[in-house]
Amino acid sequence: MDDLTALARHHLDQAKADPHGRSAHLFLHDGPLRQSVIAMVSGCELDEHNAPPAASLHVLHGHVRLTGTGVRTDLIAGQVERIPHERHGMLALEDSVVLLTAVTATVGCPTPTEEAATA
């Protein structure tokens, strides 16, 4: 069993020491389910990237902004948001730690990109 509070504290300390201002750790991997702690210092940004078939972001500490095609959602500690099914990025508006829960593609359950290609 992992202690999220300890993981968040540890990775925020690592992010502060990292030249890129971030630290991440995949701590749960069960079939298509993945949970990761991502820590970022204020001003650090994750460039836009593709979305998994299903994902959510839970802010454990700080204040972040989800960005994407016409989307800009600010989240503070305690808030949970569904990750949009489009390319998106994230900006830390202050030192922050998030819990990313993602479900990867499974047999019989296409990704949003695969679904759009067959429509």
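**Figure 1. Overall composition of the predicted model.** Of the 119 residues in the protein, 34% are buried, buried meaning under 20% relative accessible area, exposed over 50% and partly exposed in between (1.4 Å probe, protein chains only). The model is predicted: local features need pLDDT of at least 70 and side-chain atom pairs count only at pLDDT 80 or more, whereas totals for chains, interfaces and linings use all residues. Residues are numbered from 1 along each chain as its sequence is written, and side-chain values use heavy atoms, with hydrogens and water left out. The protein contains two helices and nine strands, where helices (H or I, at least four residues) and strands (E, at least two) are DSSP runs numbered from the N terminus. Their order from the N terminus is α-β-β-β-β-β-β-β-β-β-α. Among contacts (heavy atoms within 4.5 Å) with a separation of 6 or more, 63% join residues 24 or more positions apart.

**Figure 2. Helix 1 and its buried side.** Helix 1 has 14 residues and spans 20 Å from its first C-alpha to its last, close to the 20 Å expected at 1.5 Å a residue; the expected span is 1.5 Å times one less than the number of residues. Leu7, Ala8, His11, Leu12 and Ala15 are buried in helix 1. These residues lie on the same side of the helix because they cover an arc of only 125 degrees around the axis, the arc being that of the directions from the helix axis to the C-beta atoms. Strand 1 (22-30), strand 2, strand 4 and strand 9 are included in what covers them. The face turned away from the buried side carries the exposed residues Thr5, Arg9, Asp13, Lys16 and Ala17. At the N-terminal end, Asp3 caps helix 1 through a side-chain oxygen 3.0 Å from the backbone nitrogen of Thr5.

**Figure 3. Surroundings of His11.** His11, in helix 1, is buried with a relative accessible area of 6%. Its side chain makes a polar contact with the side chain of Gln14 (3.2 Å); a polar contact is a pair of N or O atoms within 3.5 Å, where within protein one must be able to donate a hydrogen and the other to accept it, and residues adjacent in sequence count only if both atoms are side-chain atoms. Leaving aside neighbours within four places in sequence, His11 is in contact with Ser23, Ala24, His25, Val37 and Ala39.

**Figure 4. The largest nonpolar core.** A nonpolar core is a set of buried Ala, Val, Leu, Ile, Met, Phe, Trp, Tyr and Cys residues joined through side-chain atoms within 4.5 Å. The largest one has 24 residues, of which Met40, Leu57, Val64, Leu75, Met90, Val97 and Val98 touch the most other members. Two or more residues each come from helix 1 (4-17), strand 2 (33-40), strand 4 (54-61), strand 5 (63-68), strand 8 (88-92) and strand 9 (96-103).

**Figure 5. Pairing of strand 4.** Strand 4 pairs with strand 9 in the antiparallel sense over seven bridges, pairing requiring that DSSP finds at least two bridges between two strands. Ala55 stands opposite Ala102 in strand 9. Strand 4 also runs antiparallel to strand 7 (residues 80-82), joined to it by three bridges, and Val80 in strand 7 is the bridge partner of His58.

**Figure 6. Pro84 in its loop.** Pro84, in the loop between strand 7 and strand 8, is buried with a relative accessible area of 12%. Leaving aside neighbours within four places in sequence, Pro84 is in contact with Ala51 and Leu66.
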